[in-house]
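Please examine the sequence and the three-dimensional structure shown here before reading the report.

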Amino acid sequence: MDSLNLNDKAAIVTGGATLIGAKVVEALEAAGASVVSADINAEDGAKVADALGDRVVFSHTDVTDDAQLDSLVQQCVDSFGGIDILVNAAATYEDDGMDTTRAGWLAALDVNLVSGVLLTNRVAPHMAARGGGSVINFASIAGKRATNLFFVYGVSKAAILGVTRNEAVKLADDGIRVNSVSPGWTWSNPIQAMSGDDRAMVDEMAGNFHLPRRIADPEEVAKVVVFLASDWSSFITGEDIAIDGGYTAIGPEQMGQPLEAFLAAAPEG
Ligand SMILES: NC(=O)c1ccc[n+]([C@@H]2O[C@H](COP(=O)([O-])OP(=O)(O)OC[C@H]3O[C@@H](n4cnc5c(N)ncnc54)[C@H](O)[C@@H]3O)[C@@H](O)[C@H]2O)c1
């Protein structure tokens, strides 16, 4: 059996400047791919790319700008001869819940949802010219479950599940597979910042709703993305893979004490 490798493959990763995106870029590169990492955060994006050598380049790209999407696609073709893999990971958490204004909704959906579709549509002919490709969209547990933290963000991630299925149908005849990943809580820039860089505290708190009793490492997300990018997932398309430590598998009483207390208090027999 062939070993999993992405030798001679070219990839675009949006959101490549942040911890999760950077680990995706690193894992794709380690598997043999050449990568254009794109982000609006030029400083961190360039730092990540520079540390990884010649097969990774950074593109300062705002994914909501059509002309910049065109340049991004062209940069990958010019640098690496084509495009085989696209990872849509750029996202915003801008969210005022049900008080979000129309402008706020449109701005958030533009980054999280619409831009990924527009980029996929631009990339598809290049993948088709190479005989096929793989698109991986970032969804989330927040797209499957209501949470106190998110509203607009969660809706945008729920919509990505639908987009993924529709893109898989539209692009199948060109040999392009489209899937999404839905991570649970993952050690990332936002969680690092919110916790004051206290991983142990986050593991202790969020471990109550992930079966491994901790949050994910960004590498654990990146490895699944590499699997979906590779031929090892050749019969998977239109699918979402949960990387959530069982978050969406368990019911609310599974991890806590209330049920245990109830059973202990129940009369014998
Ligand atoms: N952190 C988690 O626990 C978690 C859980 C599930 C899913 N995710 C998903 O993982 C991905 C990374 O999220 P993160 O938590 O690391 O957040 P993050 O904010 O650190 O990363 C998002 C990245 O997207 C970039 N970005 C934002 N707007 C952009 C634009 N207009 N053009 C180009 N780039 C832009 C940002 O600069 C940033 O680098 C997102 O798709 C997120 O939904 C994260």
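## Basis of the model

This is a predicted model, in which local features need pLDDT of at least 70 and side-chain atom pairs count only at pLDDT 80 or more, while totals for chains, interfaces and linings use all residues. Residues are numbered from 1 along each chain as its sequence is written, and side-chain values use heavy atoms, with hydrogens and water left out.

## Helices H4 and H5

Helices are DSSP runs (H or I) of at least four residues, numbered from the N terminus. Helix H4 (residues 102-129) packs against helix H5 (residues 152-171) at an angle of about 15°, and their axes are 10 Å apart. Axes are lines fitted to C-alpha atoms over the stretch in contact, and angles run from 0 to 180 degrees between N-to-C directions. H4 and H5 are therefore roughly parallel, a term for angles under 35 degrees.

Contact means heavy atoms within 4.5 Å. Among the residues of H4 that meet H5 are Trp-105 and Leu-109; those of H5 include Tyr-153 and Ile-160.

## Helices H1 and H8

The axes of helix H1 (residues 19-30) and helix H8 (residues 218-229) come within 8 Å and cross at roughly 45°.

## The ligand

Of the 27 residues around the ligand, those that come nearest are Thr-18, Asp-39, Tyr-93, Tyr-153 and Thr-186; a residue counts here if one of its heavy atoms lies within 4 Å. A polar side-chain atom of Tyr-153 is 2.5 Å from an oxygen atom of the ligand. For Asp-39, a polar side-chain atom lies 2.6 Å from a ligand oxygen atom.

Conventions
Helices (H or I, at least four residues) and strands (E, at least two) are DSSP runs, numbered from the N terminus. Angles under 35 degrees count as roughly parallel, over 145 as roughly antiparallel, 65 to 115 as roughly perpendicular and the rest as oblique. A polar contact is a pair of N or O atoms within 3.5 Å; within protein, one must be able to donate a hydrogen and the other to accept it, and residues adjacent in sequence count only if both atoms are side-chain atoms.
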